[in-house]
Structures are given as C-alpha cells and as structure tokens.
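The sequence and structure are shown first.

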Amino acid sequence: MEDRAAEKKSGRQTDGLLAPVVGRFAPTPSGEPHAGNLLCALLSYLSAKKKGGAYLVRIEDLDVARCPRAAGEKLLATLAYLGLQGDAPPLWQSERGNVYRAKEDVLRGVAEVYPCYCTRAALHAAEAPRLRDGGVVYAGTCRKRSESERAQLEKTRKPCYRIAVPDERICFADGVAGVYEQNLREACGDFILRRSDGVYAYQLAVAVDDGESGVTEVVRGNDLLTSTPRQIWLMRLLGYRPPAYYHIPLVCDPAGRKLSKSEGDGMARLCDRMSPQQILGKLAYAAGVWPQPCPATLRELTDAFAWDNVRKDKIVWQTESK
C-alpha cells in the first residue's frame, strides 16, 4: 500500500502501467557552463527522448548571492541555442522556499530534526572523516544537547538544522557507475536541511524537486554519486519513489585536468564560433555516442543514443587550438 501511494504521488506508475519517462537537467548558475555541464544536459535530453519521455530544466539557485538571476538567464539562453530547453518552463529553486518549508515540516513528523550550533571552523578542526564536497562526517554533537544548552547557544549564534540519519545502508544500481552502497551514519552523519541563514540545503531541495516534478531519471556528474543515498533516503521519507541514476565521469581536458567554471572553461566563446550542430556533435563524440566530432542534429543523436555506448572510465573534451 505504501509503495502504491508513493507511486501515485510521484506520477510515475499507476495500476501497473509505467508513466512517461521524465529526465531533467539541474545546473547551478554560479558561472559560465563548461562542456561537462552541457554534456549532462545533452545526455539527459537524449536518454529521455529516446524513451519517448519529457525533459525538464531546473535552475538550482538556492544561494542567490552566488547565483544571480542574470547568470541563470544566460545559462538558459545557452541551452536554448543548443535546442536543449525544457518541455515546460524552468523551475527556479530560489522561488520554492515555501515548498521546502512544508516538506521540512513533513520530515519533522517522521525523523528527528534538530538545531546545530557548530561552526564550520570547529567542524573542520575536529578529527572526523572528510566528505568529497569539502564537509565532514558530522558526529551528532548538537543532537545530544539539552534544551538549556540550546537556549544559551541561541543567544550568540543562529543554528542550522540537521536531520538525524539511521545506521542504515542505502544501495542502488547506477546506470553508469554500477552498484553503489553507503551507510548514512558512517558516510555523512546527520546532514543539514536548512542553513543558519535560512537557505534550504541542496540535499533537501533536490529530493523535493525531483519528487514533485515526477522525475524518473537523473543524469549528472560522478562527483555527486556519494550524495545520492541521502537524496534517496529523503525521497522515501517524503513518500516519493526515487528515480534511476546515471552518474557519468567528470569531463577532463587532454591533460587530465577536470573542467571547471572557475578555470575559464566556459563555452560562451565556442558558441559564438560554432553552430549548435557542431557543438552537439562534438559533445556526443566525447561521450562515445557519435562516431566522429562532426555536426549532428538532436534527432540524429536521439536515434543513435544508447547508454551502453557512453564512456564509463574517462571523457575527454578536446579544446580548440588557439
């Protein structure tokens, strides 16, 4: 009964019949998109369209100071130039605070959510395992505090809010990386739902938005593989059915350096010099789904697309010679 209720809520499956596939591309507009970002957009589009599904775009601009609206609009213009705009208007996370607040209330009814007063400096000074995203495995320090201790700390510091995770292993089969398993308590500890400045955290926002949009498959970089068990767990708590995941290798230059927005690897100048078909063909060739780095239309690439052909070890973006 619970599985059927979750399926109806997500819009993914009713009465034993599969609903259409829904893919999505969810970039953070903190800088000009590079080839790795656009490749995720392209593969998400091709995978969904190959199955006759829909393709959505979501702008993950939770931190509006780091992700100005103009940067998001510019990113959408780049996607439109390549023909990768969504089948519905884009979703802006900065406009969805009320939705996340309501889902936080739901989580408070099924799990322990508590205030945390630990500073970033104190967390990094602690002898705790480090996470790939730069954080640490949280030891649950503030979970054990009394009400009087919390009241005293509240006088000098606004807390963030964490959710207590169980000693539980989350396992899923990734379409590119294979089977991945993680114990939440050992791998990340109690993680943040809402920052001390009131901004909702990535893990909660992503889980809610994928669930509310009925997303059935997620294509993104391998650097986000380790955060997926947290999102799966949250989606289950909220009554959503988690999507299928495809974590592709991070795109590198010929020297093996990972592409980065902050390192000047943006695609704007290339878009000024090349047609959409030229760029699409080059991206698809780098991923292994097109035989040559020659122009290709989205229709041609959709017809040729198969996940079996996507490179699983390394994807190299051959930058143009200057």
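Two strands are taken as paired if DSSP finds at least two bridges between them. By that criterion, E6, E7 and E10 make up an open sheet of three strands, in that order and with antiparallel pairing. Strand E6 (113-116) and strand E10 (191-194) are its edges, each pairing on one side only. On average, neighbouring strands in this sheet are turned by 45° against each other, direction ignored. Four bridges connect E6 with strand E7 (residues 160-163) in the antiparallel sense. Within E7, Tyr161 is the residue opposite Pro115.

The model is predicted. Its average pLDDT over the chain is 90, and 89% of the residues score at least 70. Residues 1-18 are a stretch where pLDDT stays under 50; for them the model has 29 contacts beyond four places in sequence. Where pLDDT is low, the coordinates should not be read in detail.

A second open sheet has five strands with parallel pairing, in the order E5-E4-E3-E11-E12. Strand E5 (91-92) and strand E12 (244-248) each have a single partner strand, so one side of each has no neighbour in the sheet. E5 runs parallel to strand E4 (residues 54-59), and two bridges join them. Ile59 has Trp92 in E5 as its bridge partner. Helix H3 lies across strand E3 (22-25), E4 and E5, and runs at about 155° to E4.

| Strand pair | Sense | Bridges | Residue pair |
|---|---|---|---|
| E6 and E7 | antiparallel | four | Pro115 and Tyr161 |
| E4 and E5 | parallel | two | Ile59 and Trp92 |

Rolling a probe the size of a water molecule over the atoms shows where empty space is left. How many cavities of 30 Å³ or more are there? The count comes to one. The volume of the largest cavity is about 40 Å³. Its lining consists of Glu32, Pro33, Lys74, Leu75, Thr78, Met267 and Ala268. By class, these lining residues divide into four nonpolar, one polar and two charged. Which helix gives the most to this lining? Helix H3 (residues 69-82) does, with three residues.

Terms used: Residues are numbered from 1 along each chain as its sequence is written. This is a predicted model: local features need pLDDT of at least 70, side-chain atom pairs count only at pLDDT 80 or more; totals for chains, interfaces and linings use all residues. Side-chain values use heavy atoms; hydrogens and water are left out. Axes are lines fitted to C-alpha atoms, for helices over the stretch in contact, and angles run from 0 to 180 degrees between N-to-C directions. On a 1 Å grid over the protein atoms alone, a cavity is a set of points where a 1.4 Å probe fits but cannot get out, and a pocket is an open set with protein on both sides within 12 Å along at least five of seven lines; lining residues have an atom within 4 Å of a point. Grid points are joined across faces, edges and corners, and a volume is the space filled by probe spheres set on the points. Ala, Val, Leu, Ile, Met, Phe, Trp, Tyr, Cys and Pro count as nonpolar, Asp, Glu, Lys and Arg as charged, and the others, Gly among them, as polar. pLDDT is the predictor's confidence in each residue, from 0 to 100. Contact means heavy atoms within 4.5 Å.
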